[in-house]
Each structure stands twice: as C-alpha cells, then as structure tokens.
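Subject: Structure handover

Hello,

Here is the structure I said I would pass on. Please open it first, then read the notes below with it in view.

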Amino acid sequence: MNKVMEITEGGESPFVMKTQCPFCSVQCKMQVVEERNAAGEAAYTITALPNAASEGRLCVKGMNAYQHALTGDRLLYPMARKNGKMMRVSWAEAYSIIEERFAAARSQYGRDSIGVYGGGSLTNETAYLLGKFTRVALQSKHIDYNGRFCMSAAASAGNKTFGIDRGLTNALSDIEHARCIILSGTNIAECQPTLMPYFTRAKENGAYLIVIDPRETATAKLADLHLKVKPGMDAALTNGVLKAVFEAGLVDEAFVERRTRGFSDVLNHLESMDMAEIADMTGVSEDEIRAAGKAFGEAVTGMVFTARGVEQQTDGYMSVRNLLNLVLATGKIGRKGCGYGAVTGQANGQGGREHGQKADQLPGYRMIDNPEHRAYVAGVWGIEPDELPGKGVSAYEMMEKVHAGEIRTLFLMGSNPVVSNPNANFVQEAIEKLDFLIVADMFVSETGRMADLLLPVTAYLENEGTMTNLEGRVLLREAMRPAPGETRHDWQVLCDIARLLGRDRWFQYDKAEDIFEELRLASKGGIADYYGITYDRLRREEGVYWPCPSVDHPGERRLFEERFAHADGKAEMVAVENHFPKEMTDGEYPLYLTTGRVLTHYLTGVQTRRSPSLASRDVESFVELHPATARKLRIGEGELVTVTSRRGSIFLRSRYSSAIRQDTVFVPMHWGDTQSVNKLTHEALDPTCRMPGFKVCAVRVEPMY
Ligand SMILES: Nc1nc2c(c(=O)[nH]1)N[C@H]1C(S)=C(S)[C@@H](COP(=O)(O)OP(=O)(O)OC[C@H]3O[C@@H](n4cnc5c(=O)[nH]c(N)nc54)[C@H](O)[C@@H]3O)O[C@H]1N2
Ligand SMILES: Nc1nc2c(c(=O)[nH]1)N[C@H]1C(S)=C(S)[C@@H](COP(=O)(O)OP(=O)(O)OC[C@H]3O[C@@H](n4cnc5c(=O)[nH]c(N)nc54)[C@H](O)[C@@H]3O)O[C@H]1N2
Ligand code: SF4
Ligand SMILES: [Mo]
C-alpha cells in the first residue's frame, strides 16, 4: 500500500479507478483510490484486483505506476520548435504546422519520405489505426515499431514452426503441470514478477527447473540446474541438449512421425556434431548439457520458455527454432503441462504485433505482400488493393534510411528510439538529420527532446482500449479519469491528422470501441482472429483468448492439441547451425557485454525514472561484473568506470556479482545519455527477423579515476 500524503479531515469522497498496469505483458489488474484532503492534496492507495493472469498480485512497478501518470511531469500541451526553442502552441497551430510540413515533404520527396514508428505499449485500437493511418492516410510504406526489438525472433520462429505466433501456446495454469521447465534467457522474477508463483507451484509439484542465462539472476536462483551459457551461444547449446536427448533414446518417435516434418535433417545434422566442441564453445560442461537433455527428455510433461536472452541475437530466430526442435522431438506440446512460451515483454507486446504496425503486416497477422490478404483488408477499409503500399523496412533499417536522407520526416508514437535502438550514437545522428520529427508521448523523452513538434497524449488511466497479454488473452482497460490538460488520445490524434490530409472519410470513429469493431472485421479469418471478441464480452468475461472466430466461440486456451496451424497440420523442424556472435572479444575489447533489465525500471525508463518510489530504488545504472574480473582490472565495488565498445563509451558504477560469468559484464537498458548502454551495442541484425543482437558485443571496462 502506498500513501504519498496523510489524509486530513474534511476531504472529498474517495475516487476509485479500476485499471491495468501500464508496464509488462502480464497486465495485472489493480485499483487506484484517490483521496483529497480539504487543501486538495491527494493521497493514493493501490490494491491488486483479482485477475486470471496475476491471480491478484502486483509487483513494485505496478504498485507505483500511479506516480508517473498522476504526479509526474506530464506533457500537457503541444509544443513546437521555434527559432531553436520549444514553445507552447495550441493544437490548431500544431496541426497547421503538420499540414504544411507533410505537404512539403510529400511534394518534394514523395510519400515514402514520411516514416511512422510505433510501440508495443499502444492499445490494439491505436496499433491497428497506426498501420491504417500510415497506409491509408499518409500512403507511405514506412512503418515499423519497437516490438521489432522485442518479439520478432520468437514471433517468426513460432510462425515458421507452428504456423502461428501467440506467445504462450498454453494458458498460464498449465505451468504447474509441467514436470520439467526450461527458462532460457528469461528473467521472470524481475521482468514478470507476478508470474513467479506459477513456477514455484510447479516446483512444489516436483518440477525440475533448468535456467539458461550467463548470469545468476533472481530467476536462476530457483533453478535445479543453471547453465551459464556464453552470451550468444544458445543455438550451439541447444544442439548439445538435443544430441543428449537423441543419445539417451528420449525422442518421442510417435509424435515426431505423426505431427512434424524435417526431423531426419535435424538428426543427421546432430550426428555430425561433437559434444566436447559444443561444451567448449558454449562454456557449459558436457555433463551439464547431458543432464539437461536427460531431465527434459525423461519428464512426462515439460515446457520451454524463452525471452530476450535467446532472442535478441543475430541468430535469435534460429536459436528459438532450435528450442522448438527440442519441444517437438520430445513431444512436449499440445497437451496439459506441455508447450512453449515466448514470454512477451511490453504491455501490449502481443496485440501490438498482430494488427499491422509491422513493415510487412496487415491486421489479423495478414501479410502485406500476399494478394489475397491485401484484397481482404482493402475491402474492409474501402480502398482498392492497389492503393495499399508495399512492405517497408524494419525499425533499425528505418533509422538507416533516416541517416541516408531517404526518410526525412518521422512520426513517433510510443517509443524512445535514441535510447532503445542499437548503435544509439548512429541513431541519434540520424534523428538529428531529420527535416521534421513529431513525437506523441506523455513525457518529454530523450527522443522527445530532439522533436520539432511534441504532441501530448493520454496515459493508461485516461485512455480506453484493449491490450492482449502474454497469454494471448484480450483484456479491456477502461478509461478512469478525464484527459488532463490538453492531452488527446493517440487514436484521436491520428484521426485529426488524417483529416488534415483529406482522408477523414476512412477515419470516422467516436470512441475506441468503434475502432475495435473495425479491427474485429479486419482480423476476421486471419491468424490472429478477434472477430468473436466484443467490448461487451470483455466486460462480462475475464478477457478472451484469440483466436476467437465467432461471438459464441470460447477462445482457445491451449493450442495444437490436434494439429498445428500449417496447412498439413504438422510442425516444421529444422537443422540449426552453431552460430557465433557478430563481434567476438579480443585484446582490445576483452569482455562480452550483455544487456537487459532490473526489477524496478521499465525499458528506457521514461516512466519509471519519473516515479519517485521506483527511481529511488535504482537511481542510476551500473555494470555488473565478477569480482575476479574486477580485481584484474583494479576496479573496486561501487566505483565509477568507463565501458567502451567500438561504437562508444558510457560511464557507470561497478556492481560485483560472483555469479556472473567471468568473461561477461551486464548493463541494464533503463538509462539514457551518458549511461545509455545502446551507445555500445552492435548494429548487426538477424537476417530473417531483423532483430538486433542486443545481448552481446565486445567491450573493455576501465576505472574512471
Ligand atoms: N522490470 C522490468 N520488467 C520488464 C521490462 C523492463 O524493462 N523492466 N520490460 C518488458 C519487456 S518489453 C520485455 S521484452 C521483457 C524482457 O524480459 P527478459 O527477456 O526476461 O529480460 P532481459 O533482462 O532483457 O533478458 C533476460 C535474461 O537474458 C540473459 N541473457 C543475456 N544474454 C544471454 C544469452 O546469450 N543467452 C541466454 N540464454 N540468456 C542471456 C540476461 O542475463 C537476462 O537475465 O520484460 C518485460 N518486463
Ligand atoms: N540494449 C538493449 N536495448 C534494448 C533492449 C535490450 O534488452 N537491450 N530491449 C528492447 C526491447 S525488448 C524493447 S520492447 C525496446 C523498448 O524501447 P522503447 O520503444 O524506447 O520503449 P519505452 O522505453 O517504453 O518508450 C516508450 C515511450 O513511449 C511512451 N509511451 C508509453 N505509453 C504510451 C502510449 O500509450 N502512447 C504514446 N504515444 N506514448 C506512450 C513512453 O512515455 C516512452 O517515452 O527496447 C529495446 N532495446
Ligand atoms: S510490471 Fe508486470 S508484473 Fe508488475 S504489476 Fe505491472 S503488469 Fe504486473
Ligand atoms: Mo520488449
């Protein structure tokens, strides 16, 4: 419970808001009660609400999320750059600037010179509308979003292997029935804390827990077996585990025969591999690899979960596919206690990747280069299929196009790319080159500071819409208070701008639900089919799982019980090569840097650094390193150090951890400017899904003084 101020006699009656946490993909429900005393000072009481995913739990971020929204330095009115300075302007003026700039950009450089960049925090309605806005109002092909950095590897692996990507193939309630669980590159204890009881319950039921992570995280502490893999070496490690499964005769041959294709390629490929070499490459002993294979293969039920540790790699797509090989080879999917989960990250990381914010995608997980898909969506939108632009490029590649002067105007909604993109110095340089940058946000982020125009938007307490949580469960978050200051909803801003472009005919909505009604139709018959989901149902039920093709359909809790989503009903296995990171350590840059998260902060910290209770727990960034490594470098605990890669330098405080690999250091991603870890990261992308290799590059660490 949080009280920011004492309540005195004579205040108004309490104001109760029922809402959902704006941060991670669990989407815990909560109640925020505001009480005001006679002097008008507010106090807030936060309580968790019962909810299927969180089972009525909240983590420290959810408990304090009211702070940034209610008392943080919200952006409350539009601001425009005039003679180099940001000045308050009216919405009318802001829009007339946009009208003029867009017209100039389009006539001088063409429609594709305007790019749109979205985010996984946006509601389904906004994410859907942002895609439509880009294709129908701006008529540009350039849209992508921050989920490219988040879910693209697991999503493409799921699509290719199973024919569908829904994050978790099972409801969370299946976890406690798994007898062996592999958590690879996922730090649930800090990143989805309210889910931990599902795993502790599984352990109480006798589950054997294997954690794969170069560091001993709070999650790894629970493990029965912790494989401290060298950063970037997961594909090879999984080859070792698969080989161990084969050698021990633990393949589920009946399942493989009946429900998969490609198995013999995998088998042949593994026969050519040498376990000792794999152990050497990955830094995990042969015994440990065999123990993992045996435990997973022998268990009657089992689940594998992955998150960004395995996925944010230049072979993230293939690394996930290899773990899916393991799931399939052992027949551990499509029944109780068996399945796979890509642990989605952002609040609407799931829905945000389904309805057209991606460069190559249309609503309902349809593809923009598929003529039937184009025709269907064009029909719903009331345009000719030819009018739909083709596919654009991925998020980081958009920044390359900005740098090259091809994209000259950028419209940003729900992301802070100068902090979250890899190779951030290059991205900052690119953004400085833009003719015009528009940022719609609740705060002035590091990227917002570079904007020519800032548009103030509403936050989670004020903005109604649906969010799809990590299970694929669609939830309705109702608006609980009026928009503060002059803020507008994201979707209203998009409709307003469409009007300026003379395209208002296609953007006639009075409320978020109107957009959802259109989304239902646009997704109908697609992979992510929301047709059977309505606001009324969402109010009545505790959320509805997709696919949900009709209003009387219950939604699917467990996928693949009978068949996979490919036309032949089979899942596709594939031989996966061992892969080394794009940048290896050497004499000059002798340590691996890996990056990630801490419990109290969220992504680039724009929101959590504005919450006093959260900011005070971790006021600054740090570099976690092994004391033996620190001693060699003459770095004491808590000292300021410089961390340098081929792309830049940042300044951090050292933090010892005797459980991290000695060849690896870790820096969280939640701070900008001189502590922005992405000034160090490498720009190389996965060739299939275009995910950057955030999780490994080579650095050196030196004392600052
Ligand atoms: N507290 C908090 N929670 C969050 C977020 C947040 O910012 N803060 N963000 C949300 C979002 S958007 C996301 S995407 C998720 C992310 O959730 P996670 O992916 O679980 O978080 P990360 O810390 O990025 O990475 C997970 C782990 O991968 C490990 N790792 C690093 N390199 C490797 C490797 O080569 N192989 C393997 N196997 N592991 C490796 C790291 O040490 C780290 O412990 O969290 C969501 N929840
Ligand atoms: N080195 C390294 N880099 C990483 C990662 C990593 O693990 N390591 N992880 C990557 C991952 S998984 C992710 S998801 C990205 C995320 O990185 P970003 O895309 O930068 O995400 P946020 O920090 O959440 O920035 C979101 C911005 O949108 C604003 N915002 C929040 N909600 C809304 C809304 O409803 N409407 C509007 N208009 N604005 C809103 C916030 O105030 C904030 O300024 O970072 C990636 N970058
Ligand atoms: S950050 Fe995630 S786990 Fe924590 S309260 Fe919010 S939604 Fe729940
Ligand atoms: Mo993410």
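Predicted model: local features only at pLDDT ≥ 70, side-chain atom pairs only at ≥ 80, totals over all residues.

A cavity is a set of grid points where a 1.4 Å probe fits but cannot get out.

Domains

The domain assignment of the protein chain gives four entries: domain 1 (7–69), domain 2 (83–146 + 348–457 + 486–545), domain 3 (168–343) and domain 4 (591–703). The centres of domain 1 and domain 3, taken over C-alpha atoms, are 38 Å apart. Between these two domains there is contact, with 12 residues of domain 1 meeting 10 residues of domain 3.

Cavities

How many cavities of 30 Å³ or more does a search of the whole structure find? The search finds six. The largest cavity holds about 710 Å³ of space. It is lined by 40 residues, and those closest to its centre are Ser121, Asn146, Gln346, Gly414 and Gln607. By class, the lining of the largest cavity has 17 nonpolar, 18 polar and five charged residues. Domain 2 and domain 4 both give residues to the lining of the largest cavity, so this cavity lies between them.

The second largest cavity has about 500 Å³ of space. Of the 37 residues in its lining, Gly185, Cys191, Arg308, Arg597 and Lys695 lie nearest the centre. Elements that give two or more residues here are α6 (188–191), α13 (308–311) and β23. The lining of the second largest cavity divides into 15 nonpolar, 14 polar and eight charged residues. Domain 3 and domain 4 each supply at least three residues to this lining.

Pockets

The largest pocket has a volume of about 480 Å³. Its lining consists of 23 residues, and Ser156, Lys358, Asp360, Met367 and Thr688 are the ones nearest its centre. Which helix gives the most to the lining of the largest pocket? Helix α5 (residues 152–162) does, with four residues. The lining of the largest pocket has seven nonpolar, nine polar and seven charged residues. At least three residues of this lining come from each of domain 2 and domain 4.

The second largest pocket holds about 350 Å³. It has 16 lining residues, with Lys29, Leu49, Leu476, Leu538 and Arg539 nearest its centre. Two or more residues come from each of β1 (15–20), β20 (473–477) and α21 (535–540). Of the elements, β20 gives the most, with three residues. The lining of the second largest pocket divides into six nonpolar, three polar and seven charged residues. Where does the second largest pocket lie? Domain 1 and domain 2 both give residues to its lining, so the pocket lies between them.

A helix pair

Helix α8 (residues 234–247) packs with helix α10 (residues 263–271) at an angle of about 100°, and their axes are 10 Å apart. That angle makes α8 roughly perpendicular to α10, because angles of 65 to 115 degrees count as roughly perpendicular. On the α8 side the contact is made by Asn239, Leu242, Lys243 and Phe246. These meet Phe263, Val266, Leu267, His269, Leu270 and Glu271 in α10. The residues of this contact divide into six nonpolar, two polar and two charged.

Regards

How values were computed
Residues numbered from 1 in each chain as written. Chains lettered and ligands numbered in written order. Heavy atoms only, no water. 1 Å grid on protein atoms, 1.4 Å probe; cavity = no way out; pocket = protein on both sides within 12 Å on 5 of 7 lines; lining within 4 Å. Points joined across faces, edges and corners; volume = space filled by probe spheres on them. Nonpolar A, V, L, I, M, F, W, Y, C, P; charged D, E, K, R; others polar. Domains from an automatic or database assignment. Axes fitted to C-alpha atoms, helices over the stretch in contact; angles between N-to-C directions. Parallel < 35°, antiparallel > 145°, perpendicular 65-115°, else oblique. Contact = heavy atoms within 4.5 Å.
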